[in-house]
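Thank you all for coming, and please have the sequence and the model open while I talk. I will take us slowly through one chain, beginning with the overall picture and ending with a few particular contacts.

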Amino acid sequence: FITVSGNSLNTDRELLLNLKSFLENQNRVNRGRYSGWNRWTSNPCEWHGIMCSPDMERVTGINLSDSKISGEMFNNFSALTQLHHLDFSRNTLKGLIPDDLNRCHNLVYLNLSHNILGGELKLTGLTRLEKLDLSTNRFHGEVKFSFPAICNRLVVANLSMNNFIGRIDTFFDGCLNLMYLDLSSNKFTGNIWTGFSRLVEFSVSENRVSGLIPASSFSDNCNLIGLDLSVNMFHGEVPREISNCKKLVMLNLWGNKFSGPIPSELGSISTLEGLLLGNNEFSRVIPESLLNLNNLAVLDLSYNNFGGRLQEIFGRFRQLKSLVLQGNSYIDGLSSSGIHKLTNISRLDLSYNNFSGHLPAEFSEMVGLKFLILAYNQFTGPIPPQYGDLSQLQALDLSFNRLIWSIPPSVGNLRSLLWLMLANNSLTGEIPGELGNCSSLLWLNLANNQLSGRFPPELANIGRNPTLTFESNRRSSAMIAGPSDCLVTKRLLTMDYSPFGFIYTILTRKICKNVWDQLLQGYGFFQVCVKGSPVRKYRVSGYLQLSGNQLTGEVPSDIGKMQQFSVLHLSYNQFNGELPVEIGNLPLVVLNISWNKFSGQIPREIGNLNCLQNLDLSHNNFSGIFPTNLNCLNELSKFNISFNPQIAGQIPNIGQLATFEEESYLGNPLLHSRLFKLQDPTVPPLNTGKQALPGEEESEDGFWWKALLMEYGCGMAFGMVMLCICVVKVQPKWVVNNVEGWHQLKAVRPWKKNGSRGGGRII
């Protein structure tokens with residue numbers, strides 16, 4: 001690089017042009033707006049992302065956040081001697097922070113968050129820094145190389161979501177101006193830093209910090225508004241001195257080993273809005289003083305092993321908007337608990353308990369309810385038709401219970417409903433056509449019941465217009481989120497087969513909240529295909545899961561209307577007739593219609609599903625010529641057409657279909673391949689030693705949760721395969737398990753896996 005001497009706007013301009021050339025050399029395509037520098041004006045103060053001094057004589061700031069910049073960092077920022085502000089956040093910068101940055105002695109604001117920068121942090125020269133954000137990167141090592149060296153003026157420090165290690169108990173003592181410190185989602189160890197009460201917000205969540213919380217940590221002049229110690233290894237009792245924090249709005253102690261009583265002194269913190277005490281070992285006595293917290297909106301006491309009947313006091317928290325009591329082993333019914341009197345509540349989560357008896361019809365009195373989560377209990381009897389009166393309901397999860405009778409048609413009144421989860425019960429009767437009136441319903445799971453009858457044509461209308469629900473959520477203020485929300489997010493998204501365009505393998509609470517907020521507001525989080533083109537775009541994308549029932553008849557051609565759906569599971573039913581060609585109009589990523597009685601030709605239109613990654617047509621009665629245009633499905637990574645003995649033709653020797661093993665084609669004697677000899681249909685299906693249930697074709701981690709994280713590269717294969725000329729991209733091979741005896745296995749429910757009750761992994 002050219003080091004420019006002198007102190008003028010012209011020298012700053014030359015330096016910025018060097019920066020532009022550097023960025024353009026590293027980013028040949030998809031360049032940001034910096035590429036327009038010097039194109040229309042030579043005055044750098046008028047360039048995008050450039051800030052200048054009031055007299056317009058010097059460059060003082062660069063903001064190129066979210067500018068599609070990749071590669072390493074520029075190594076000559078120090079030549080901008082008046083640089084105060086530097087923001088390269090939300091790019092894909094990699095490598096180390098160059099030593100040159102340490103010579104930017106006037107830097108006040110530095111934001112490099114949301115990149116893939118790594119190495120140890122050594123910023124000792126930035127002694128005038130006031131705001132530092134390095135969150136969501138790959139930094140490692142200890143923070144002692146930068147703290148307390150840069151503490152002098154520091155007000156905000158965000159080091160979250162990195163790989164920092166070591167202790168934190170001494171390095172911030174000299175940061176006397178520090179007000180906001182976020183150390184969450186790292187690998188810090190040792191004891192807590194006891195000076196945190198002089199901050200306004202402090203988070204060390206999702207680390208490995210341990211020990212007791214000293215009472216002296218909560219000084220008389222405690223300034224805390226937010227304190228997050230969740231998901232660590234703290235133990236002992238919560239000090240009563242926490243009541244010194246009179247301004248506290250959010251207290252999150254979730255996921256530790258705190259024990260003893262919940263401090264009654266918490267009831268004196270009148271500002272408290274969020275109290276998250278879940279996943280600890282607190283005693284089951286809930287202090288009456290908490291009823292005095294008129295601003296308390298969120299109460300999470302999940303996973304505390306309370307047991308017994310639900311405490312009567314919960315029915316008196318009339319101010320609550322969210323109550324989370326999942327995973328507490330509560331027993332008996334809910335009708336006498338008085339919990340239905342919480343008329344202000346919008347979210348109630350009682351999942352993973354042992355509640356029994358009938359579902360309380362009185363819940364319909366909770367008119368503001370948006371999320372009702374009662375999954376994984378032992379409720380019996382019918383679904384109360386009164387639930388159809390909950391006009392604001394957006395998620396109803398009653399899965400993994402013992403519910404019987406039919407789905408009440410009144411559920412069709414729920415125009416705001418986004419999720420309906422009724423899987424793994426004993427529901428009977430037909431799917432009510434009234435469900436088609438649920439215009440927001442994008443995620444429907446009715447798997448593993450005893451539903452019968454046809455696929456109602458009206459069902460194809462679900463999810464046709466969720467815009468009003470999304471717009472309502474955009475106007476609403478976000479609720480305090482805790483780790484329990486992450487568990488619900490995972491379950492409602494059914495990670496095993498959701499078509500994620502991008503997501504993280506480790507869901508920190510921040511990522512969960514971001515995923516959840518985007519989803520509820522209808523922003524383009526899921527990546528789906530544009531019909532007839534490999535081009536992708538981002539939008540919400542739903543799933544329909546009907547596996548493991550007794551549904552019959554033909555699938556109606558109306559299914560082609562379901563343009564918001566990327567996952568279609570109809571396996572283990574008794575559907576018959578021809579598969580409608582309109583199915584080729586959908587933006588599908590997953591299509592599983594195995595173990596039915598479909599007949600006729602496999603629609604060639606399936607070959608138009610450019611983003612299809614999982615196609616299972618096995619164990620049906622398809623006939624005719626094998627559609628070789630399926631070889632054009634370049635994204636296909638799982639394929640099974642076995643045991644359709646009337647299908648004839650040649651399996652391509654090269655291309656996508658040639659990457660699959662023999663198990664994908666077994667039991668089809670009229671199919672031919674030069675790669676392997678196919679099994680006679682009279683031979684029983686391959687027994688792998690594992691009997692998989694619908695939705696459990698993959699490992700515990702889930703195929704879709706892993707495979708859809710990959711960004712696939714492009715490959716080329718030359719040649720003509722039958723009637724199809726394709727650009728072929730070879731994907732990983734996935735051996736398909738053919739299953740015998742599912743219907744017999746289903747009869748001996750509940751089936752247990754990893755200690756959980758229920759019939760499989762369809763959740």
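This is a predicted model: local features need pLDDT of at least 70, side-chain atom pairs count only at pLDDT 80 or more; totals for chains, interfaces and linings use all residues.

Residues are numbered from 1 along each chain as its sequence is written, and side-chain values use heavy atoms, with hydrogens and water left out.

Let me begin with the whole chain. It has six helices and 46 strands, where helices (H or I, at least four residues) and strands (E, at least two) are DSSP runs numbered from the N terminus. Of its 763 residues, 59% count as buried; here buried means under 20% relative accessible area, exposed means over 50%, and partly exposed is in between, using a 1.4 Å probe and protein chains only. If we take contact to mean heavy atoms within 4.5 Å, then among contacts between residues at least 6 apart in sequence, 56% join residues at least 24 apart.

Now to the interior. A nonpolar core is a set of buried Ala, Val, Leu, Ile, Met, Phe, Trp, Tyr and Cys residues joined through side-chain atoms within 4.5 Å, and the largest one in this model has 197 residues, with Ile-62, Phe-77, Phe-147, Phe-172, Phe-202, Phe-317 and Trp-419 having the most contacts inside it. Helix H1 (residues 9–26) gives the largest share of this core, namely seven residues. Domain 1 (1–117) and domain 2 (473–672) both contribute residues, so the core lies between them; the domain bounds come from an automatic or database domain assignment. To look at one member, Phe-77 touches Leu-19, Ile-62, Leu-83, Leu-86, Phe-88, Asp-100, Leu-101 and Cys-104, if we leave out residues up to four places away in sequence.

Next, the aromatic rings. Rings of Phe, Tyr and Trp (its six-membered ring) pair if their centres lie within 6.5 Å, and planes under 30 degrees apart count as stacked, over 60 as edge-to-face and the rest as tilted. The count by this rule is 27 aromatic pairs. In one of them, Tyr-352 and Tyr-376 are stacked, at 4.3 Å centre to centre with 10° between the planes. Tyr-352 sits in the loop between strand E25 (347–349) and strand E26 (354–358), and Tyr-376 in the loop between strand E27 (371–373) and strand E28 (378–381), so this pair ties together parts that are 24 residues apart in sequence. Tyr-352 counts as partly exposed at 31% relative accessibility, whereas Tyr-376, at 12%, counts as buried.

Phe-575 and Phe-598 also form a stacked pair, at 6.1 Å centre to centre and with 20° between the planes. This pair links distant parts of the chain, with Phe-575 in strand E39 (residues 574–578) and Phe-598 in strand E41 (residues 597–600), 23 residues apart, and both of these residues are buried. Elsewhere, ring pairs link Phe-147, Phe-172, Trp-193, Phe-196, Phe-202 and Phe-218 into a cluster.

How many disulfides does a search of the whole structure find? With a disulfide taken as a pair of cysteine sulfur atoms within 2.5 Å, the search finds three. One joins Cys-45 to Cys-52, with S to S at 2.1 Å, and this link is left-handed, with -100° about the S-S bond. Another joins Cys-151 to Cys-175, with S to S at 1.8 Å, and its two ends lie 24 residues apart, Cys-151 in the loop between strands E9 (138–141) and E10 (156–158), and Cys-175 in the loop between strands E11 (163–166) and E12 (180–182). A further disulfide joins Cys-222 to Cys-245, with S to S at 2.1 Å; this link is right-handed, with 95° about the S-S bond, and both cysteines are buried.

Finally, a look at helix H3 (residues 483–492), where eight of the ten residues are buried, so the helix is largely enclosed by the rest of the structure. The buried residues there are Pro-483, Ser-484, Asp-485, Cys-486, Val-488, Thr-489, Arg-491 and Leu-492.
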